Structures are given as C-alpha cells and as structure tokens.
Amino acid sequence: MTLTRTLLSATTLLTFPPLVAEASERRVFVDVGTVSALHDRGEQIGREVLEFGAGVEMDVQEATVYGAFYRLLPFGGEQEAFDDEADYTLGVAWEGRGYSADASVNLLTFPGEDAESSVELAGAVTLDVPLVPTLIGFYDVDIEDRGLGLSAGPEWDAGSWSLYAIGRAGFVHPGDGSAHRSYGGVELGATRPVSNFIELGLFARADVADEDAFARRIERGSVTSFTTSGIAAGVSFSLTH
C-alpha cells in the first residue's frame with residue numbers, strides 16, 4: 001500500500017501488534033516509498049513522489065497511542081505542478097470484539113506553497129471478518145472538506161510473499177463549494193520481510209472518479225488537462241522496531 005495523508009492512522013488497524021503490551025513499551029515505525037503517481041480519495045495529488053513517514057507508538061492499558069510525521073515530496077520534471085506536504089498526526093487505536101478502530105487529529109501543512117495549513121479529524125473502523133472491510137471518514141475543520149471511504153479485499157501467502165487485492169470506493173464533499181466527487185479503485189500488491197524489522201512492499205493501482213481529478217497533461221509546471229482515471233505503481237520499505 002502507498003503512503004497517503006491518512007496512511008499512518010489507517011494502517012494502525014492492520015499492522016500494529018496486539019494491544020496487550022506493558023504501558024512502558026514503545027515502538028518506532030518508519031516508512032519510505034516512491035510512487036509514479038500519488039492518488040488520494042479519488043484525485044491525483046502528485047506525480048513521481050517520494051514519501052516518508054515516521055512515528056512512535058505506545059500501549060496504554062487497552063489502547064495504543066501514537067504520534068507520527070509524514071512528508072510528501074514531488075520530484076522530477078513535473079514537480080512544480082503539485083504541492084509539497086508535511087503532516088503531523090496524534091492518534092489512538094484500540095480493539096474490541098470483532099473490530100478494531102482508530103481516531104486521529106492531523107495537522108496538514110504545505111511548506112513553500114500557497115495552500116494554507118488545516119486540521120483534519122479522521123476515524124476508521126475495521127471489522128474482523130472475511131475481506132477485512134475498513135470504513136474511513138474524515139472532516140477538515142478549517143476548509144470543511146469531508147468524506148467517507150470503504151476498502152476491502154483478500155490477502156494470501158505465496159512462499160515468503162504476502163499478496164493482497166484491495167477494492168476502494170468513497171466520496172468527498174469539498175468545503176469550497178466545488179463539485180462533490182465519488183470514486184472507486186483497485187490495488188494489487190505484495191509484501192515480504194527482508195529482515196527481522198524491515199518489510200518490502202510493491203503495488204500497482206487504478207482509480208476512477210466521476211470528476212476530472214487526474215492529470216492527463218502537464219506543461220510548464222501546471223496541469224493543463226485532466227481526466228477521470230489514473231494508474232500508479234510504487235515500492236516502499238517499512239521498518240518497525
């Protein structure tokens with residue numbers, strides 16, 4: 001899976017160890033990845049992007065409290081068409097009978113860009129049933145963007161690799177009065193451990209939306225033509241210790 005603005009809180013539900021450790025135990029997680037195009041909530045927010053995320057989490061009674069930092073850096077000849085981004089997250093994750101959940105507060109910033117910083121609230125619930133469906137919602141308290149997304153899919157082992165397929169669907173209501181956006185997509189990926197603490201990930205995905213939200217042509221640092229669909233592929237390394 002790629003890193004996105006909601007990755008660190010969403011993957012808490014899937015990758016953190018069971019919430020039963022002593023409160024004094026702390027764990028560090030780091031993710032580094034690069035993608036040919038970055039898709040998030042039915043729109044393209046980057047092409048040729050380097051992503052970095054890092055954080056620390058600690059078990060407190062029956063919950064996991066965590067803080068994280070995320071950096072998005074477009075590179076290549078078309079980097080001026082997209083914004084740099086740096087996000088800061090505080091969140092908590094917990095488990096119940098048949099489900100796990102996560103809630104976070106995210107400060108979204110855009111270093112060197114005209115876009116203003118904003119605070120986003122995000123929450124997710126994952127059900128412990130076949131295909132592991134996850135419902136994620138968000139609301140930006142400053143610009144009033146809001147939306148819901150649903151993802152689900154199988155995962156299976158193939159030797160030392162873990163393979164997965166994910167289907168996504170959702171909608172976004174922008175707070176600026178622009179057109180609402182519905183979207184869907186499919187992602188295929190594979191992960192495998194390369195050491196006791198490091199995991200390699202590969203993925204390819206295709207996304208569609210009912211609005212022109214993906215770059216078709218970029219000229220002189222600006223997107224001059226849009227389309228309703230996009231494809232992307234990437235690689236990532238994840239460390240947990």
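**Reading the features**

Tutor: Strand 15 gives the most to the nonpolar patch, with three residues, where a strand is a DSSP run of E of at least two residues, a helix a run of H or I of at least four, both numbered from the N terminus. Please keep in mind that this is a predicted model, in which local features need pLDDT of at least 70 and side-chain atom pairs count only at pLDDT 80 or more, while totals for chains, interfaces and linings use all residues. Residues are numbered from 1 along each chain as its sequence is written, and side-chain values use heavy atoms, with hydrogens and water left out.

Student: Which residues make the nonpolar surface patch?

Tutor: Patches are made of residues with over 30% relative accessible area and no salt bridge, nonpolar side chains (Val, Leu, Ile, Met, Phe, Trp, Tyr) being joined within 5 Å and like charges within 9 Å; the areas come from the Shrake-Rupley method with a 1.4 Å probe, and for residues only the protein chains shown count as cover. Here Val194, Phe197, Ile198, Leu202, Val235, Phe237 and Leu239 make a patch of about 530 Å², and the elements giving two or more residues to the nonpolar patch are strand 12 and strand 15 (229–240).

Student: And which residues make up the largest nonpolar core?

Tutor: In soluble globular proteins, nonpolar side chains tend to be buried together. A nonpolar core is a set of buried Ala, Val, Leu, Ile, Met, Phe, Trp, Tyr and Cys residues joined through side-chain atoms within 4.5 Å, with buried meaning under 20% relative accessible area, exposed over 50%, and partly exposed in between (1.4 Å probe, protein chains only). The largest one here has nine residues, namely Val35, Leu38, Ile45, Val49, Tyr70, Leu72, Tyr164, Ile166 and Phe203, and strand 1 (26–39), strand 2 (44–60), strand 3 (63–74) and strand 10 each give two or more residues to this core.

Student: What does leucine 72 touch, leaving aside residues up to four places away in sequence?

Tutor: Contact means heavy atoms within 4.5 Å, and on that basis leucine 72 touches Leu38, Ile45, Val49, Leu50, Asp83, Asp84 and Glu85. Leucine 72 is found in strand 3 and is buried, with a relative accessible area of 1%.

Student: How should I read strand pairing, and which residue of strand 12 is the bridge partner of glycine 189?

Tutor: Two strands pair if DSSP finds at least two bridges between them. Strand 10 (residues 161–173) and strand 11 (residues 181–193) pair in the antiparallel sense over eleven bridges, and eleven bridges also join strand 11 to strand 12 (residues 198–209), again antiparallel. Glycine 189 in strand 11 stands opposite tyrosine 164, and its bridge partner in strand 12 is phenylalanine 203.

Student: How many salt bridges are there?

Tutor: A salt bridge is a side-chain nitrogen of Lys or Arg within 4 Å of a carboxyl oxygen of Asp or Glu, and the count by this rule comes to nine. In one of them, aspartate 59 pairs with arginine 27, the closest N and O atoms being 3.0 Å apart, and both residues are buried. Another joins arginine 181 and glutamate 43 (3.7 Å, N to O); arginine 181 lies in strand 11 and glutamate 43 in the loop between strand 1 and strand 2, so this pair ties together parts that are 138 residues apart in sequence.
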